[in-house]
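This report looks at a helix, a nonpolar core and a few residue contacts. Please keep the sequence and the structure in view while reading.

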Amino acid sequence: MLMLYNSDNFAVVQFDLPGDSAAVALEPTGTDPALTRGGYEIVDKFARKEIFLEGAMAESFKVGVEALIQTSPSEDELDDYIARFTQLAQNPVVLH
């Protein structure tokens, strides 16, 4: 777990989990056995909702953030980009 971004509006945490050992066993020889899976959890602090991005959506988020970082964005520009993904958020943030 790695906190990637934390503003007044959003928090973004990256999760990298070890890959499925059965899937690793099925990989052809010569490939990287250190497969990982995971994604990004985005918390909208004002809406009190969160979303977990994985798979293709997580990859799209990562590529977009990397491209945005190249332009030295302001906090508002980063928040605007992240807000596009939080529109899909359905899960309420609950404290235990």
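Two residues are in contact when they have heavy atoms within 4.5 Å of each other. The model discussed here is predicted. By that definition, and not counting residues up to four places away in sequence, glutamine 14 touches Met1, Leu2, Leu4, Gly39 and Tyr40. Glutamine 14 lies in strand S2. Its side chain also makes a polar contact of 3.4 Å with the side chain of aspartate 16.

Helix H3 covers residues 75-86, twelve residues in all. From first C-alpha to last it reaches 16 Å, close to the 16 Å expected at 1.5 Å a residue. Which residues of H3 are buried, and which on the other side are exposed? The table lists them.

| Group in H3 | Residues |
|---|---|
| Buried | Leu78, Asp79, Tyr81, Ile82, Phe85, Thr86 |
| Exposed, on the other side | Asp76, Asp80, Arg84 |

The buried residues of H3 line one face of the helix, because they fall within an arc of 160° when seen down its axis. In an α-helix there are 3.6 residues a turn, so residues three or four places apart point the same way.

The largest nonpolar core has 15 residues. Residues with the most contacts inside this core include Phe61, Ile82 and Phe85. Strands S2, S3 and S4 and helices H2 and H3 each give two or more residues to the core. H3 supplies the largest share, four residues.

Leaving aside neighbours within four places in sequence, phenylalanine 61 is in contact with Val12, Tyr40, Ile42, Leu53, Tyr81, Ile82 and Phe85.

Notes:
Residues are numbered from 1 along each chain as its sequence is written. This is a predicted model: local features need pLDDT of at least 70, side-chain atom pairs count only at pLDDT 80 or more; totals for chains, interfaces and linings use all residues. Side-chain values use heavy atoms; hydrogens and water are left out. The expected span of a helix is 1.5 Å times one less than its number of residues. Buried means under 20% relative accessible area, exposed over 50%, partly exposed in between (1.4 Å probe, protein chains only). The arc is that of the directions from the helix axis to the C-beta atoms. A nonpolar core is a set of buried Ala, Val, Leu, Ile, Met, Phe, Trp, Tyr and Cys residues joined through side-chain atoms within 4.5 Å. A polar contact is a pair of N or O atoms within 3.5 Å; within protein, one must be able to donate a hydrogen and the other to accept it, and residues adjacent in sequence count only if both atoms are side-chain atoms.
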